[in-house]
Amino acid sequence: MQITVNIAPEVMNWVMQRVEVEKISMPLFNNIQQWKTGNKKPTFNQVEKLSKATNIPLGYFFLKNPPKEDLPILKCRTIDSLKSQNPSRNLIDTVHSMENIQEWMRNYLIASDSTKLDFIGSQKCNKSAHKIAATMHEYLGLAVDWFTHEQNVWESFKEIRTRAQSLGVIVMMNGIVENNTRRKLEIDEFRAFTLIDDYVPLIFINSNDSKNGKLFSLVHEMAHIWLGINNFFNDRYSMASNVSDTETLCNAIAGEFLVPQSLFTQKWKEQSEKNNIEKKISSLAYYFKCGMTVIARKALINTYIGKEEYNKLVQEAVIHFNENKNKSKNNETGGNYYNAMITKIDNRFLNALANSVQEGKTLYSDAFRLTNTNRNTFKALVEKVRDKKL
C-alpha cells in the first residue's frame with residue numbers, strides 16, 4: 001500500500017506558478033491539478049517525480065509555507081520582463097552555483113592575504129564612455145587597435161577573457177545548468193550577469209548566445225565591474241529603448257572598447273560609396289572583429305543610419321543567428337568533454353581550488369561540488385588546464 005503525503009495548499013499554489021507545462025508529462029500535470037483541488041493526495045514517489053521534472057528541491061514540497069527565493073541580481077536587470085520577474089529554476093540554480101564559487105574564492109583570497117582589487121568601482125563617478133573604455137584598455141594591457149591582432153571574434157573573446165582573468169575577474173561560461181544537458185539556459189531569459197565583489201568579481205556568460213553576443217556581453221559586464229554595479233543582462237535583441245542611464249553608459253563603453261570612435265570614423269569614410277549600408281557594416285564588423293549589431297549601433301550614434309534602419313539590421317542579425325545556431329554547435333570546444341569544461345570554467349579559480357585541495361584546506365567533496373566533477377574528472381581537468389598553460 002502506497003502512503004500519501006500532504007502538501008500545504010499555499011506550497012501547491014507556489015509550485016503551480018513555477019511549473020513549465022510543456023516540460024512535464026500530461027499524466028503528471030493532471031495529477032497536479034487534482035492535488036491542487038484536493039481530489040487526490042500524492043504519494044511520496046509522485047512528489048519525487050514532480051521534483052525531478054520541475055527541478056524544484058524535494059524538501060520544498062513539505063514546507064508549511066512557500067520558500068522565499070530572493071535573487072537580488074534580478075533587481076539589476078537590463079529590461080523588465082515576465083521572464084525576469086519569474087525566473088526559471090535553471091537561472092536560479094545557476095546564480096546560486098556562481099554565488100558559491102565566488103564565496104569560496106573570496107574566502108580563499110582573504111585567507112591568502114590578498115588585497116582588494118583597485119579597479120572595482122573605480123569609474124563610478126565617471127560618465128565618459130571614451131575615458132572608461134580607455135581605462136579598461138590600460139588595465140588589460142591592450143592598445144586601441146588591439147583587435148587587429150586577432151583572427152576573428154572568438155579569438156578576441158578569448159583574449160579579453162584571459163586578460164580579465166589575469167586581473168582577478170572570474171569569468172564562467174555555460175549553456176546548461178552544471179553538466180545537465182536537459183537543463184538549457186535560455187538566451188531569451190538572459191545573456192550574462194555580473195556579481196560585484198572587491199576581491200573577486202564574477203561574470204557569467206550564457207554560452208548559448210552567438211560568438212558576437214558573448215564578446216559584447218563580456219565587455220558590457222566588465223564595464224559594470226569598473227562602475228562597481230551588479231548586472232543582469234537580458235536585453236536579448238539590443239533594441240530596448242527604456243534602459244537605465246547605467247545600461248546606456250555600459251552599452252556605450254562596450255561599443256567604444258570594441259570599436260573606438262576615432263578608428264570607426266576613419267574606416268567608415270574609407271568605405272566605397274558603391275557599398276550599401278549593410279555591406280559597409282559587414283565590412284567594418286569584419287575589420288573590428290565584432291558583431292554587426294555593435295557596428296550598426298555605432299553608425300546610429302553617429303547618425304550615419306536612422307533608427308528604423310538600425311532596427312532592421314538588428315532583426316536580420318537575430319534571424320541569422322537563429323538559423324545558424326544549431327549548425328556549428330560546440331565548435332569552440334571540439335566536442336571533447338575536457339575542452340568543453342576548460343571553456344566553461346575559470347582557469348584561475350580551478351587552479352586555486354586544486355592548490356587548496358592539495359594543501360588540505362579544502363575537502364575533495366567540496367571541490368567536486370564546486371566544479372561538478374568527481375575524483376577522476378577533477379584530477380584530469382586540472383592537468384589539462386595546467387598543460388594548456390605550458
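**The open sheet and its surroundings**

A: Let's begin with the sheet: four strands form an open sheet in the order E1-E5-E4-E6, and their pairing is mixed. Two strands count as paired if DSSP finds at least two bridges between them. The names come from DSSP runs, numbered from the N terminus: helices (H or I) have at least four residues and strands (E) at least two. Strand E1 (170-174) and strand E6 (231-233) are the edge strands, each pairing on one side only. On average, and with direction ignored, neighbouring strands of this sheet are turned by 10° against each other. Angles here run from 0 to 180 degrees between N-to-C directions, and axes are lines fitted to C-alpha atoms, for helices over the stretch in contact.

Before going further, a word on the source: this is a predicted model, in which local features need pLDDT of at least 70 and side-chain atom pairs count only at pLDDT 80 or more, while totals for chains, interfaces and linings use all residues. Residues are numbered from 1 along each chain as its sequence is written, and side-chain values use heavy atoms, with hydrogens and water left out.

Now back to the strands. As a general point, strands of a sheet pair through backbone hydrogen bonds, either parallel or antiparallel. Strand E4 (residues 192-195) pairs with E6 in the antiparallel sense, over three bridges. If you look along this pair, you will find Thr194 opposite Asn231 in E6. Helix H5 (residues 89-111) packs on the sheet, where it touches E1, E4, strand E5 (202-206) and E6, and its direction makes about 35° with that of E4. Touching, or contact, means heavy atoms within 4.5 Å.

Stay with E6 for a moment, and look at Phe233, which belongs to this strand. Is Phe233 buried or exposed? Its relative accessibility is 1%, so Phe233 counts as buried. The cut-offs are these: buried means under 20% relative accessible area, exposed over 50%, and partly exposed in between, with a 1.4 Å probe and protein chains only. Setting aside neighbours within four places in sequence, Phe233 is in contact with Thr78, Phe190, Arg191, Ala192, Phe216, Ser217, His220, Glu221 and Glu247.

One of those contacts, Glu247, leads us on to helix H9 (residues 245-258). In general, two packed helices are described by the angle between their axes and the distance between the axes. Helix H6 (residues 129-140) packs against H9 at an angle of about 55°, with the axes 8 Å apart. That makes H6 oblique to H9; angles under 35 degrees count as roughly parallel, over 145 as roughly antiparallel, 65 to 115 as roughly perpendicular and the rest as oblique. The two helices meet through Ala129, His130, Ile132, Ala133, Met136, His137 and Leu140 in H6 and Leu249, Ala252, Ile253, Glu256 and Phe257 in H9. By class, this contact of H6 with H9 has nine nonpolar, two polar and one charged residues. Here Ala, Val, Leu, Ile, Met, Phe, Trp, Tyr, Cys and Pro count as nonpolar, Asp, Glu, Lys and Arg as charged, and the others, Gly among them, as polar.

H9 also packs with helix H12 (residues 292-301), at an angle of about 105° and with the axes 10 Å apart. That makes H9 roughly perpendicular to H12. Asn251, Gly255, Glu256 and Leu258 of H9 make this contact with Val294, Arg297 and Lys298 of H12. By class, there are two nonpolar, two polar and three charged residues in the contact of H9 with H12.

Thr303 is not a glycine, yet it has a positive phi of about 60°. With 66% relative accessibility, Thr303 counts as exposed.

Glu178 lies in the loop between strand E2 (176-177) and strand E3 (180-184). These two strands run antiparallel and are joined by two bridges, and Val177 has Asn180 in E3 as its bridge partner. The hairpin they form has two residues between the strands. Glu178 is partly exposed, with a relative accessible area of 39%.
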